[in-house]
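Keep the view open as you read.

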Amino acid sequence: MVLGGVLGIGLAALIIPSLSAASGGIISLPTVPWETWAIGLTVMLVIGALIGLMPALRAMRLNIVDALADR
């Protein structure tokens with residue numbers, strides 16, 4: 001989850017300045033500030049924790065024998 005988000009924000013941070021420069025000033029896009037990185041990382045971590053919570057709780061309640069027998 002986090003790897004994909006970091007790659008997406010990183011690509012945006014790399015592509016936006018080059019796209020603005022290549023357009024000759026016609027397209028003026030803002031850069032990706034550190035606040036966007038912080039908010040993005042926070043959202044990625046929260047979503048990852050929420051998605052992983054249910055399988056972790058289920059695995060915690062499983063008996064080891066049942067888990068290994070795939071029941």
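Helix H2 gives the largest share of the nonpolar patch, six residues. Here helices are DSSP runs of H or I with at least four residues, and strands are runs of E with at least two, numbered from the N terminus. The patch itself is formed by Met 1, Val 2, Val 6, Ile 39, Leu 41, Val 43, Leu 45, Ile 47 and Ile 51, with about 770 Å² of accessible area together. Helices H1 (2-22) and H2 are the elements that give two or more residues to this patch. To join such a patch, a residue needs over 30% relative accessible area and no salt bridge; nonpolar side chains (Val, Leu, Ile, Met, Phe, Trp, Tyr) are joined within 5 Å, like charges within 9 Å. A salt bridge is a side-chain nitrogen of Lys or Arg within 4 Å of a carboxyl oxygen of Asp or Glu, and accessible areas come from the Shrake-Rupley method with a 1.4 Å probe, where for residues only the protein chains shown count as cover.

This is a predicted model, in which local features need pLDDT of at least 70 and side-chain atom pairs count only at pLDDT 80 or more, while totals for chains, interfaces and linings use all residues. Residues are numbered from 1 along each chain as its sequence is written, and side-chain values use heavy atoms, with hydrogens and water left out. The predictor's confidence in each residue, pLDDT, runs from 0 to 100. Its mean for the protein chain is 88, with 99% of residues at 70 or more.

Now follow H1 to Ser 20, which is buried at 18% relative accessible area. Its side chain reaches the backbone nitrogen of Leu 29 at 3.3 Å, a polar contact (N or O atoms within 3.5 Å, one able to donate a hydrogen and the other to accept it; residues adjacent in sequence count only if both atoms are side-chain atoms).

Leu 29 sits in the loop between H1 and H2 and is partly exposed at 35%. Leaving aside residues up to four places away in sequence, Leu 29 touches Ile 16, Leu 19 and Ser 20, where contact means heavy atoms within 4.5 Å. The C-alpha atoms of Leu 19 and Leu 29 are separated by 8.2 Å, whereas those of Leu 29 and Arg 61 are separated by 50 Å.

Note on methods: Buried means under 20% relative accessible area, exposed over 50%, partly exposed in between (1.4 Å probe, protein chains only).
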